[in-house]
Amino acid sequence: HKVFSYSVFHVLMEGVGLKARKKLNLTEGQLEHPRNAAKLFLAFLIEKSGKKLERHFPLNEHYEDFATMYNGKFWPKFNPDYPLRLKNFHEQALKLIKA
């Protein structure tokens, strides 16, 4: 890709990432703020999923579907452990929230 990501979530500023940013009316610089970065990531997921979030959430029931939506259909070739890593990160996040 010859485009940049301006947030901690690594949403590229092309295609659905750019569309999501424009719908939020945010500049690239505003994406450096964590709140705006989170807004962009959620908007990106909505755009990327074709507004069919039930295919990917709740996350703990759809790790592989989420991996395909987020990374494309070739993720198993390049990153076969992605769903397991996603599961581990998700469980760690839930523990932090409950703490």
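Reader: How many helices and how many strands are there in the protein chain?

Author: This is a predicted model. Its protein chain holds 5 helices and 0 strands. Read from the N terminus, the order of elements is α-α-α-α-α.

Reader: What does the C-alpha trace span along its principal axes?

Author: The span of the C-alpha trace is about 35 × 35 × 25 Å. The chain has 99 residues, and 29% of them count as buried. Buried here means under 20% relative accessible area.

Reader: How do I describe the way α1 and α2 cross?

Author: Two packed helices are described by the angle between their axes and by the distance between those axes. In this model the axes of α1 and α2 come within 8 Å and cross at roughly 125°. Because angles of 65 to 115 degrees count as roughly perpendicular and those over 145 as roughly antiparallel, α1 is oblique to α2. As for handedness, the crossing of α1 and α2 is right-handed.

Reader: Now to the pockets. What is the volume of the largest pocket?

Author: Rolling a probe the size of a water molecule over the atoms shows where empty space is left. The largest pocket has a volume of about 400 Å³. Its lining is made of 14 residues, and F41, F66, Y82, L86 and F89 are the closest to the centre.

Reader: Which element gives the most to the lining of the largest pocket?

Author: That is α5, with 8 residues. Helix α5 covers 82-98, and α3 covers 63-71; each of these two supplies at least two residues of the lining.

Reader: How do the residues of that lining divide into nonpolar, polar and charged?

Author: In the largest pocket, 11 lining residues are nonpolar, 2 are polar and 1 is charged.

Reader: How much space lies in the second largest pocket?

Author: About 290 Å³. The second largest pocket is lined by 12 residues, and those nearest its centre are H10, L12, F44, K48 and Y70. Two or more lining residues come from each of α1 (15-24), α2 (34-48) and α3. By type, the lining of the second largest pocket has 6 nonpolar, 4 polar and 2 charged residues.

Reader: K48 is on that list. Where is K48 found?

Author: K48 is found in helix α2. With 34% relative accessibility, K48 counts as partly exposed, because that class lies between the 20% limit for buried and the 50% limit for exposed. K48 and K19 are 29 residues apart along the chain, and their C-alpha atoms are separated by 9.9 Å.

Reader: What is the phi of N25?

Author: N25 has a positive phi of about 60°, and it is not a glycine. N25 sits in the loop between α1 and α2. At 67% relative accessibility, N25 counts as exposed.

Reader: Which residues does a cis peptide bond join?

Author: The cis peptide bond joins F57 and P58, and its omega is about 5°. To find P58, look in the loop between α2 and α3.

Reader: Where is G50, and where is R55?

Author: G50 lies in the loop between α2 and α3. R55 is found in the loop between α2 and α3 as well. G50 counts as partly exposed at 46% relative accessibility, and R55 counts as partly exposed at 45%.

Reader: How many residues apart along the chain are G50 and K2, and what separates their C-alpha atoms?

Author: G50 and K2 are 48 residues apart along the chain, with 24 Å between their C-alpha atoms. For R55 and S5, the separation is 50 residues in sequence and 25 Å in space, C-alpha to C-alpha.

Key. Residues are numbered from 1 along each chain as its sequence is written. This is a predicted model: local features need pLDDT of at least 70, side-chain atom pairs count only at pLDDT 80 or more; totals for chains, interfaces and linings use all residues. Side-chain values use heavy atoms; hydrogens and water are left out. On a 1 Å grid over the protein atoms alone, a cavity is a set of points where a 1.4 Å probe fits but cannot get out, and a pocket is an open set with protein on both sides within 12 Å along at least five of seven lines; lining residues have an atom within 4 Å of a point. Grid points are joined across faces, edges and corners, and a volume is the space filled by probe spheres set on the points. Helices (H or I, at least four residues) and strands (E, at least two) are DSSP runs, numbered from the N terminus. Ala, Val, Leu, Ile, Met, Phe, Trp, Tyr, Cys and Pro count as nonpolar, Asp, Glu, Lys and Arg as charged, and the others, Gly among them, as polar. Buried means under 20% relative accessible area, exposed over 50%, partly exposed in between (1.4 Å probe, protein chains only). Axes are lines fitted to C-alpha atoms, for helices over the stretch in contact, and angles run from 0 to 180 degrees between N-to-C directions. Angles under 35 degrees count as roughly parallel, over 145 as roughly antiparallel, 65 to 115 as roughly perpendicular and the rest as oblique. A crossing is left-handed if the near helix is turned anticlockwise from the far one by less than a right angle, and right-handed if clockwise.
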